[in-house]
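Please read the points below beside the sequence and the 3D view, one point at a time.

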Amino acid sequence: MKNNRLFKILLAFFLGGSQIAWAAGSLEGNIEKQPLNMTAIMMFCVFVLSTLGITYWAAKRTKSRQDFYTAGGGITAAQNGIAISGDFLSAATFLGMTSAIYFSGYDGMLLAVGVMACWPLILFLIAERLRNLGRYTFIDVVSFRLARKPIRIISAMGSLSVVVFYLIGQMVGAGKLIELLFGLDYLYAVIMVNILMICYVSFGGMLATTWVQIIKAVLLILGGSFIGIGVLVHFDFNLESMFRTAVDVHPMGMDIVAPGGWLKDPISVISVALTMLFGFMGLPHILMRFFTVKNAREARKSVFYATAIMGYFYILILFIGFGAIGIIYNNPEYHDAAGAMVGGKNMLALHVAHYMGGDIMLGFMSAVTFATILAVVSGLTLAAAATIAHDLFAKTFCEGKLTSRQEIRISRYSIFGIGVLGILLGIAFEHQNVVFVVTIAMAVAASVNFPILMLSMYWKKLTTRGAVIGGTTGLIVSLTLIMLSPSVMVGAMGFDKPIFPYLYPTLFSMPLAFFVSWIFSVTDNSEQAKREIAAFDAQYVRSETGIGIADAADH
Amino acid sequence: MSEKNLAQYADHPKFKELVGKRVALSYLLSVIVIVSFSSWVLVMSFAPELLALPLWEGAATNIGIVCILVLLSAGIIIPGIYTWWANTRLDRLKEEFLKEIQNEK
């Protein structure tokens, strides 16, 4: 029984970026609406008002397409680095990871280590070339030398699939979290999140979105540091004593600091590692951030700043999670009469915040947690809107004949539409186990976006035909295998046994996408193919040196 | 600079030197990252007792915890190394390359 619970928690975790979905999954059973928390609501209002102010400021400076999608390319490396880290320092990292460590120990850190392993790879393989080749979206890069229409369409489908699934996870998690923290009804929570998000993104574009991320990240780091250092002080900065206390207090004893052995067969192990290392490289809203800086040099520095912040935060999480065992476990203030944690498992980090800094700290961190939801949802929506307005409408359907203003207007309609969709999805999936939608997002990203992007940047012989068929294969195979996997067939549809026994299709769908792209490229002898292959050298030179990239506006 | 003009530089010695160095460092660091992460995952799956070994007799802190701290720190240090090296050495090479092709025009 215990193993099942552990398994379910970890399963949710390692399924990727939208860890809030984990919060949603495990919150189902024991959602305890908190009474209206006035300090938190006040801080949250302060946050909302200031970010709306920023949106107003940003709106006045957002005039062109370039401004709207990439903030004119004038975001500094430090700003971008903080904004990128913000996408990974989510509410679920702060709440979910600390909780996972507190209840299940060592394994809770797996996602953190995975993220820190993938970012250097993003730096070496993607950051510079992407910046040197692209304009607004990663699809611009992919269609650099390949026939625009078919490539844009398949990449857009991959991109939008990832975003929609990710969004479902975020919406449900956000609704439940707000319900938990602020005592607000789920429906109102979901509506409010979407309305705010529509305001930020449609009026302020990438500039507002970036600054919302930055502010939230800074607040989260400050709050987290306060709590983390508080924990260390509690143990006199003696790590051994902190772990010793955890071992002595926790029912799992020495097992809490040791790996839990949840991954036993080699296929799952490899699949998990692959998904973690490469899945993040296909997330459109992350890739889009590389276009907001001036050049490749700034892009490199952004990644460094981002990893420094993320690494620091994950180390804090480690200390908070284990330290909390010694502080919270036998503390009656945070447990009810039956011995269960007040508010459910996800409240752990907030209880520690309360312990360290009282109601103010609790209110502050609750407001910051809400801020993280808004920030990530905004980034996702902007990425989706850019794909719809820029890649689909402007470049494909209207064949490049849209003016800047028309394109921005279509983006705004898209944003509104996505906001409405977000509300509907949130309502539809409120009581579902949304853990599996995150698998879909990560697996699709790794099986469609990542192969197409990598091959188009690095492989001379890739042709449109190969890329389109390969990408489509990746999309269909990954979606199908997920539908047949344990999380969907057993978890959501209630069958006894799944047809596809593994949680991640990545091990199969990703190599297959590469292979199919290869086969159909090398067997492509058309005139168009020859032209595309010949065009590689120019792309190659530009991708490595940045000659000819568009100039940036300053911020 | 038109696309046709750019293609001719793919064989330029300075360009090749530039790319060669970048790729070499990228490969080296990528291998370090992938190998260390993968080994950790493999040990975690197939030989978890190794990670549970305490740092010293009777300690609660074990090798596994140290591994996590090392891997997290590496995630900061390795990009730092690459960024510093690329922004100083590589960009200098790139400037030289750009000057050369300007002169050759």
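**Notes on the two-chain model**

1. Between them, chain A and chain B bury about 4700 Å², and 74% of that area is on carbon and sulfur atoms; buried area here is the accessible area (1.4 Å probe) that two parts lose on being put together, summed over both. This is a predicted model, in which local features need pLDDT of at least 70 and side-chain atom pairs count only at pLDDT 80 or more, while totals for chains, interfaces and linings use all residues. Residues are numbered from 1 along each chain as its sequence is written, chains are lettered from A and ligands numbered from 1 in the order in which they are written, and side-chain values use heavy atoms, with hydrogens and water left out.

2. The interface brings 55 residues of chain A into contact with 53 residues of chain B, contact meaning heavy atoms within 4.5 Å. Between the two chains, 13 residue pairs are in polar contact, both residues being at pLDDT 80 or more; a polar contact is a pair of N or O atoms within 3.5 Å, where within protein one must be able to donate a hydrogen and the other to accept it, and residues adjacent in sequence count only if both atoms are side-chain atoms. On the side of chain A that touches chain B, the elements giving two or more residues are H7, helix H11 (239-249), helix H12 (266-279), helix H14 (296-328) and helix H22 (536-545) of chain A. Helices (H or I, at least four residues) are DSSP runs, numbered from the N terminus. By class, that side of chain A has 38 nonpolar, 4 polar and 13 charged residues, where Ala, Val, Leu, Ile, Met, Phe, Trp, Tyr, Cys and Pro count as nonpolar, Asp, Glu, Lys and Arg as charged, and the others, Gly among them, as polar.

3. The rule finds 4 salt bridges across the interface of chain A and chain B, a salt bridge being a side-chain nitrogen of Lys or Arg within 4 Å of a carboxyl oxygen of Asp or Glu. One residue to look at is Asp91(B), which forms a salt bridge with Arg297(A), the closest N and O atoms being 2.6 Å apart. Asp91(B) lies in helix H4 (residues 63-104) of chain B and Arg297(A) in helix H14 of chain A, so the pair joins two chains. Asp91(B) also meets Arg300(A) in a salt bridge (3.5 Å, N to O). These residues belong to a network of salt bridges that links Glu128(A), Arg129(A), Arg297(A), Arg300(A), Glu544(A), Arg22(B) and Asp91(B).

4. How accessible are the two partners, Asp91(B) and Arg297(A)? Asp91(B) is buried, with a relative accessible area of 12%, whereas Arg297(A) is partly exposed at 33%; buried means under 20% relative accessible area, exposed over 50%, and partly exposed in between (1.4 Å probe, protein chains only).

5. Over all chains the count comes to 19 salt bridges. Among them is the pair of Asp140(A) and Arg152(A), with the closest N and O atoms 3.1 Å apart. Asp140(A) lies in helix H8 (residues 138-142) and Arg152(A) in helix H9 (residues 148-182) of chain A, so the pair ties together parts that are 12 residues apart in sequence. Asp140(A) counts as buried at 7% relative accessibility, and Arg152(A) is buried at 2%.

6. Leaving aside neighbours within four places in sequence, Glu240(A) is in contact with Trp56(B), Gly58(B), Ala59(B), Ala60(B) and Thr61(B).

7. Two backbone angles are worth checking. Most residues other than glycine have a negative phi. Ala71(A), in the loop between helix H4 (65-70) and helix H5 (77-88) of chain A, has a positive phi near 55 degrees and counts as buried at 0% relative accessibility. Asp236(A), in the loop between helix H10 (186-234) and H11 of chain A, likewise has a positive phi near 55 degrees, but Asp236(A) is exposed, with a relative accessible area of 65%.
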